[in-house]
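Visitor: I would like to go through this model one question at a time. Please state each cut-off when its term comes up.

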Amino acid sequence: HDGVRTQGEVIDSLVDRVRFVGVLASAADVSVERTAVIGTMQAAEGLGWGLLSQAQPETGERASLTVRQSAIVDSHQLGVSVAGGEARLEHVSVVGGTGGAARGVEAEDSNGVRAILTMIDSTVAESQELGILCGGSDVVLERVQVRNVHAGINGELGRGIGLQTNASTLLPTVA
């Protein structure tokens with residue numbers, strides 16, 4: 001690493017039926033605008049996530065993911081994951097899922113690196129198990145609609161928004 005961060009843009013695009021993760025930001029600055037991520041499928045290793053913003057596992061360097069006017073639809077396991085990364089979602093719809101635990105949005109610390117999630121004028125709908133779950137994170141939710149959260153495949157109750165301490169790291173969420 002020579003001090004230069006990776007930067008990327010995904011604009012006016014379609015990411016359709018990929019395996020594992022639709023768009024991944026790891027220790028990078030990524031902007032996604034007017035883009036649809038549809039039907040992200042589960043790979044042999046698991047996952048099936050629409051978007052992932054993560055802290056780089058070896059260094060803890062946080063990713064920055066900005067998503068505007070976009071939709072994440074029918075991800076197998078999780079629409080948006082913020083794992084020690086930073087994500088700003090504006091005018092974003094996270095809708096549905098194909099797996100038995102197709103969650104909407106999760107923000108959790110990763111190896112002690114707090115996740116930072118900002119959602120503005122956005123919707124999470126038709127997810128299973130939970131709409132938005134935050135643990136060990138810094139969270140801002142403004143004009144966010146969470147609706148029609150269904151029970152999970154194992155009968156877990158559908159929860160709208162969960163703000164909690166991460167049970168593994170004991171880091172609290174600040175919302």
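This is a predicted model: local features need pLDDT of at least 70, side-chain atom pairs count only at pLDDT 80 or more; totals for chains, interfaces and linings use all residues.

Visitor: With which side chain does the side chain of D109 make a polar contact?

Guide: Beyond four places in sequence, D109 touches residues (contact means heavy atoms within 4.5 Å) including G84, R114, G136, N166 and L171. A polar contact is a pair of N or O atoms within 3.5 Å; within protein, one must be able to donate a hydrogen and the other to accept it, and residues adjacent in sequence count only if both atoms are side-chain atoms. The partner of D109, at 2.8 Å, is N166.

Visitor: How many helices and strands does the chain have?

Guide: Read along the sequence, the pattern is β-β-β-β-β-β-β-β-β-β-β-β-β-β. The secondary structure comes to 0 helices and 14 strands.

Visitor: What is the radius of gyration of the chain?

Guide: The C-alpha atoms fill a box of roughly 50 × 40 × 35 Å along the principal axes. For 175 residues, a compact globule would have a value near 16 Å (taken over C-alpha atoms, by the rule 2.2 Å times the number of residues to the power 0.38). The chain agrees with this, at 15 Å.

Visitor: Which residues have the most contacts inside the largest nonpolar core?

Guide: In soluble globular proteins, nonpolar side chains tend to be buried together. A nonpolar core is a set of buried Ala, Val, Leu, Ile, Met, Phe, Trp, Tyr and Cys residues joined through side-chain atoms within 4.5 Å. The largest one has 27 residues, and those with the most contacts inside it are L51, V80, V105 and L117.

Visitor: Which residues does V80 touch, leaving out those up to four places away in sequence?

Guide: V80 is one of the residues with the most contacts inside the largest core. Beyond four places in sequence, the residues V80 touches are L51, I72, L89, V94, G104, V105 and E106.

Visitor: Is R143 buried or exposed, and with what relative accessible area?

Guide: R143 sits in strand β13 (residues 137–147). Apart from neighbours within four places, R143 is in contact with I120, D121 and S122, and its side chain makes a polar contact of 2.6 Å with that of D121. R143 counts as exposed because its relative accessible area is 58%.

Visitor: What is the relative accessibility of G162?

Guide: G162 is found in strand β14 (residues 159–164). Leaving out residues up to four places away, G162 touches I132, L133 and C134. G162 counts as buried, with a relative accessibility of 15%.

Visitor: How far apart are the closest N and O atoms of E90 and R68?

Guide: Side chains of opposite charge can pair when their charged atoms come close. The structure holds 12 salt bridges, and one of them joins E90 and R68 with the closest N and O atoms at 3.4 Å. The pair links distant parts of the chain, with E90 in strand β9 and R68 in strand β7, 22 residues apart. The distance asked for is 3.4 Å.

Visitor: Which residue meets E90 in a salt bridge of 2.3 Å?

Guide: E90 is buried at 15% relative accessibility. Its partner at 2.3 Å, N to O, is R88.

Definitions and conventions
Residues are numbered from 1 along each chain as its sequence is written. Side-chain values use heavy atoms; hydrogens and water are left out. Buried means under 20% relative accessible area, exposed over 50%, partly exposed in between (1.4 Å probe, protein chains only). Helices (H or I, at least four residues) and strands (E, at least two) are DSSP runs, numbered from the N terminus. A salt bridge is a side-chain nitrogen of Lys or Arg within 4 Å of a carboxyl oxygen of Asp or Glu.
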